[in-house]
Amino acid sequence: MIIACPQCNGLNRVPDEKLTEQPKCGKCKTLLLSGQVLELTSDNFIVHSQKSELPLVVDFWASWCGPCQQFAPIFNQVASRKHTQFRFGKINTEQQQTLAAQFNIRSIPTLKIIKQGKIVAEQAGALPQSAFEQWLNAHQ
């Protein structure tokens with residue numbers, strides 16, 4: 001599987017059986033699958049959404065959005081547990097207006113699962129943790 005580094009955005013080839021063994025970037029030696037949520041921007045979005053083979057779960061949010069703030073801890077908790085199955089990233093729609101427009105974001109939070117550049121699932125609105133995990137499991 002090809003995985004983009006969360007630090008330097010370099011592409012790394014990782015055998016599937018090594019995904020649970022804390023693989024590191026060949027370039028910068030950062031853990032590839034740390035469970036941390038990425039801050040996605042126009043600078044790093046393409047490498048994580050199109051070039052990496054790990055499905056990307058994106059949370060489109062804004063700082064003034066109450067439901068976004070309530071959902072953030074759930075998103076982070078699930079990211080820490082499912083980091084070998086998905087890459088988790090957040091796009092601040094106020095700072096990344098071009099990306100928000102590109103994905104036609106009309107309400108926030110909006111969740112999308114992207115596999116190699118293709119949207120495979122979308123969800124408008126925050127979810128309780130169990131429903132979020134069920135939604136992810138349905139789209140692995």
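Trainee: Phenylalanine 71, buried or exposed?

Mentor: Its relative accessibility is 1%, so phenylalanine 71 counts as buried. Buried is under 20% relative accessible area, exposed over 50% and partly exposed in between (1.4 Å probe, protein chains only).

Trainee: What kind of model is this, and how are residues numbered?

Mentor: It is a predicted model, with local features needing pLDDT of at least 70 and side-chain atom pairs counting only at pLDDT 80 or more, while totals for chains, interfaces and linings use all residues. Residues are numbered from 1 along each chain as its sequence is written, and side-chain values use heavy atoms, without hydrogens and water.

Trainee: OK. Where does phenylalanine 71 sit?

Mentor: Phenylalanine 71 belongs to helix α2. Helices (H or I, at least four residues) and strands (E, at least two) are DSSP runs, numbered from the N terminus.

Trainee: Which residues does it touch?

Mentor: Leaving aside residues up to four places away in sequence, phenylalanine 71 touches Asp59, Leu111, Ala126, Leu127 and Phe132. Contact means heavy atoms within 4.5 Å. Leucine 127 is 56 residues from phenylalanine 71 in sequence, yet the C-alpha atoms of the two are 7.2 Å apart.

Trainee: Change of topic. What is the strand order in the sheet?

Mentor: The sheet is open, has five strands and runs β3-β5-β4-β6-β7, with mixed pairing. β3 (38-39) and β7 (118-124) are at the edges with a single partner strand each, so one side of each has no neighbour in the sheet. Two strands pair if DSSP finds at least two bridges between them.

Trainee: How does β4 pair with β5, and how with β6?

Mentor: β4 (residues 56-61) runs parallel to β5 (residues 87-92), with six bridges joining them. In that pair, valine 57 stands opposite phenylalanine 88 of β5. With β6, β4 pairs in the antiparallel sense over five bridges. There, aspartate 59 is opposite leucine 111. Both of those residues are also touched by phenylalanine 71.

Trainee: And β6 with β7?

Mentor: β6 and β7 run antiparallel and are joined by six bridges. Isoleucine 113 has alanine 121 in β7 as its bridge partner. The two strands form a hairpin with two residues between them, and glutamine 116 in the turn has a positive phi of about 45°.

Trainee: How many residues of β6 are buried?

Mentor: Five of the six are buried, so β6 is largely enclosed by the rest of the structure.

Trainee: Which strands does α2 lie across?

Mentor: α2 (residues 66-81) lies across β4, β5 and β6 (110-115), at about 160° to β5. Axes are lines fitted to C-alpha atoms, for helices over the stretch in contact, and angles run from 0 to 180 degrees between N-to-C directions. Helix α4 (residues 129-138) also packs on the sheet, touching β4, β5, β6 and β7, and its direction makes about 25° with that of β6.

Trainee: Which residues of α4 are buried?

Mentor: Phe132, Glu133, Trp135 and Leu136. They fall within an arc of 160° seen down the axis of α4, so they line one face of the helix; the arc is that of directions from the helix axis to the C-beta atoms. Ser130, Gln134 and Ala138, on the other side, are exposed.

Trainee: What do the buried ones pack against?

Mentor: The buried residues of α4 pack against β4, α2, β5, β6 and β7.

Trainee: At what angle do α2 and α4 cross, and which residues meet?

Mentor: Their axes come within 10 Å and cross at roughly 45°. Phe71, Ile74, Phe75, Gln77, Val78 and Arg81 in α2 meet Gln129, Phe132, Glu133 and Leu136 in α4.
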